[in-house]
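Here are my notes for your reading of the model below. Please keep the structure open beside them as you go through the points.

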Amino acid sequence: MIGKRWILASMAAFCLAAFTCCGGDGAKENPDDGGEGQTGPDPKPVAVSFARGADISWVSEMERDMKASGKSLSGFSFRDGQGNTDIFAILKGLGMNSVRLRVWVNPLDAARWSGKDDMVKLAKRAFDSGLAVMVDFHYSDFFADPSHQDTPSAWASYSGDAVKMADAVSSYTKEVLTALKSAGVAPTWVQTGNETRTGMLWPTGKLDWSASGRSASWARFVQLVNAGYAAAKSVFPDVVVICHLNHAFADNAWWFEEFKAAGGKFDMIGLSHYPMADDPSKSWSAMNSLAQSGVKSLSSKFSCKVMVVEYGVKPSDASAGECTEAFLSAMKSSSSACAGVFYWEPEVDGTWKPAVYSSSVKKHGKAEEWSAYGMGAFKRSGKTLSPNLSILGAFAE
């Protein structure tokens, strides 16, 4: 079941027409000088018919910790059953064909993990390995999610001014994607915000559910998202722009109806799905069923593909492999509606954690220590981190 299965770009003009009709107007803006300094033709995105991928944004810090003395992973290495020690070769050996990478404006740690330069280096390695690349703009200095959409410290002076904040979004998006283009990388997808159910770049783009403030808040939020959309298209006209919400199991149609009514643009819908964590009152099978129905319904209603850009299960649960196999099978069988599934940070083992999690740095406004992420899908054996095949085996083609 496990083998080297991946798809390389085979056409210079990769057709994304099936993905570009959802919320955007389909117009391709003239590229700006984003390719300045680059020689030769622009890079072309890797084409995949169904994305089987992973968000591995922690890899750079993990690899540093494997080489540095005194670190929690000192002397460790990644390794699979075929003897591969490079994370990208391991992912391809699992059957994965895509990688998702987040980018923060001013990362909290001194090493600037998940900053522009770190993301570009990882994207270059992935792209050169033949993997499709997704760039996940959080437009924040740390994790953005429905409970936290903090404005980057460098943009604090624009707070409350949607015009200036939109300009910052545009400039930053172009800067990051221009760096990718200069490195010879063409992303297949770009997320303009991460889990933006409650808006982004608070307070400027925070959604207000009150009758008096709802319309104006949607207008501000859409102004920010559309600035990212236009900026992404200006550098990579054919890139698929994703609008991302959490809770794939929920009724999300109303949200996208309001987003579109306010003028919001997107080419694809992105969803997060954590069937063993999002709603403990429901079984994982019920959660999977709800998510599958939601994907199909959204795709039909908005005439676009839907992608599960974040997925994760609890390896400690004996049913984790069965749950993942069932979900991947359902999504693959719904490929006319679903564009793919990405496992979120599978390369961790529930023990390692990034340095910033143990620091006194203020995260989301308060100093706290975070535990190691518990839904990774690699196992520790001696000095080796290797894939949990009962979970990741489901990503084979």
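1. M307 touches A51, M134, W189, I242, M268, I269, G270, L271, A339, G340 and F342, leaving aside residues up to four places away in sequence; contact here means heavy atoms within 4.5 Å.

2. On the basis of these notes: the model is predicted, with local features needing pLDDT of at least 70 and side-chain atom pairs counting only at pLDDT 80 or more, while totals for chains, interfaces and linings use all residues. Residues are numbered from 1 along each chain as its sequence is written, and side-chain values use heavy atoms, with hydrogens and water left out.

3. M307 and W189 have the most contacts inside the largest nonpolar core, which has 120 residues. Such a core is a set of buried Ala, Val, Leu, Ile, Met, Phe, Trp, Tyr and Cys residues joined through side-chain atoms within 4.5 Å, where buried means under 20% relative accessible area (1.4 Å probe, protein chains only). Helix α5 (residues 214-235) gives the largest share of this core, nine residues; helices (H or I, at least four residues) and strands (E, at least two) are DSSP runs, numbered from the N terminus.

4. An open sheet of three strands runs in the order β2-β15-β14, with mixed pairing, and its edge strands, each pairing on one side only, are β2 (77-78) and β14 (378-381). Two strands pair if DSSP finds at least two bridges between them; β2 and β15 (residues 384-387) pair in the parallel sense over two bridges, and S77 stands opposite T384 in β15.

Conventions
Buried means under 20% relative accessible area, exposed over 50%, partly exposed in between (1.4 Å probe, protein chains only).
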